[in-house]
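Here is a short briefing to read alongside the model. Have the sequence and the 3D view open, and let's begin with the metal site.

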Amino acid sequence: MSAAIPAPWPYPRWIAHRGAGKLAPENTLAAFRLGAQYGYRMFECDAKLSADGVPFLLHDATLDRTTNAAQRLDSTVSRTGGDHPFSTLAQLDAGAWHSRSYAGEPLPTLEHLARYCIANTFLLNIEIKPTPGLEEKTGRVVAEHAARLWQGQAVPPLLSSFRPEALAGARATAPQLPRALLLDTLWDGWHGVARELGCVAIVCNHALWDAALVAQVQGDGLRALSYTVNDEWAAQRLIDLGTDGIITDRVDLFSPAAL
Ligand code: G3P
Ligand code: MG
C-alpha cells in the first residue's frame with residue numbers, strides 16, 4: 001500500500017543534515033536550533049532504539065564517536081547505543097566531543113525533537129537507523145511513535161531508511177506515513193523494492209542521479225532526493241536535473257530562501 005502523501009509535495013527543497021551538519025553536535029537539539037537560525041525549515045535526523053524501546057537520535061551503532069561513553073561507562077560495558085536503556089543514555093554528554101560550547105548537550109529522544117519541530121512548524125525526515133539485527137522492530141517502533149507524536153499535524157514526517165526491513169516495519173505499523181528508500185548504490189532490485197514498500201521518494205547518494213534515473217523515478221510518481229550535498233556545483237547539477245530535495249551539511253553555504 002502506498003503512503004498517503006499530501007499533494008502537492010509538502011517538503012522544501014533544502015533539508016539540514018543531522019540538524020546543522022558539522023557546525024554543531026549532530027542529532028542534538030542544539031544542532032536543530034542552529035540549523036533553524038540559518039533559515040532551514042526541514043531537518044534530517046537518525047533514529048534508533050534504546051534497549052527499552054525508546055527511539056532516540058544517534059547516527060552510529062556505537063556511542064564512541066559522538067558521546068562521552070568512553071569516560072562514563074565501565075570499559076567492560078557494551079558501547080552499542082541500543083544495548084542501553086534510555087535512562088543510561090540520558091546521562092551521556094553528546095556535545096563535548098564537538099566543542100566546549102556544546103558541552104552538556106544530551107542525546108535527545110525522537111519525542112524531544114518532535115516537540116521542537118511541531119512547535120515551530122518545522123518538517124522532519126526521520127532516517128530509521130537500526131542497530132544491526134533490529135531493522136524491522138526499529139521501523140515498527142519509530143513509525144508508531146511518529147504517528148502518535150505527529151497526529152493531527154498537517155504534514156507528517158518523512159520516514160527513510162537504507163534498510164528495506166525497517167521500511168516494511170514502518171509500513172506495517174503506520175502505513176499512512178510517507179516512506180523513502182535510501183540508496184548508496186543502485187543495487188539489484190531497488191526499484192521493485194521501493195514500489196513494493198509503497199515509497200513516495202528515493203533518497204540517493206547525489207552522485208548517482210543522472211537524467212535517466214531522475215526520469216525513471218519521477219516517471220513512477222516518486223520524488224528524487226539527494227544526500228549529502230555540500231558543494232555548489234553538485235547542488236546546481238541536482239537542481240538542473242529537476243530533482244526534488246537536497247540534504248546538506250552546509251547550512252552556512254546554502255540559503256534555503258535564496259535557491
Ligand atoms: O538520510 C540521508 C543521510 O543521512 C544518509 O546517510 O550516513 O549520513 O545517515 P548518513
Ligand atoms: Mg542520516
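Donors are N, O and S atoms within 2.8 Å of the metal (3.2 Å for Na, K and Ca); water is not among the atoms, so sites may look incomplete. This is a predicted model, in which local features need pLDDT of at least 70 and side-chain atom pairs count only at pLDDT 80 or more, while totals for chains, interfaces and linings use all residues. Residues are numbered from 1 along each chain as its sequence is written, chains are lettered from A and ligands numbered from 1 in the order in which they are written, and side-chain values use heavy atoms, leaving out hydrogens and water.

**Magnesium site**
- The magnesium ion (ligand 2) has E44 (OE), D46 (OD) and E127 (OE) as its protein donors, at 2.0 to 2.2 Å.
- Along the chain, these donors follow the spacing E-x1-D-x80-E.
- E44 belongs to strand β2 and E127 to strand β4 (residues 123-128), so the pair ties together parts 83 residues apart in sequence.
- Strands (E, at least two residues) and helices (H or I, at least four) are DSSP runs, numbered from the N terminus.
- E44 is buried at 4% relative accessibility; buried means under 20% relative accessible area, exposed over 50%, and partly exposed in between (1.4 Å probe, protein chains only).
- E127 is buried too, with a relative accessible area of 4%.
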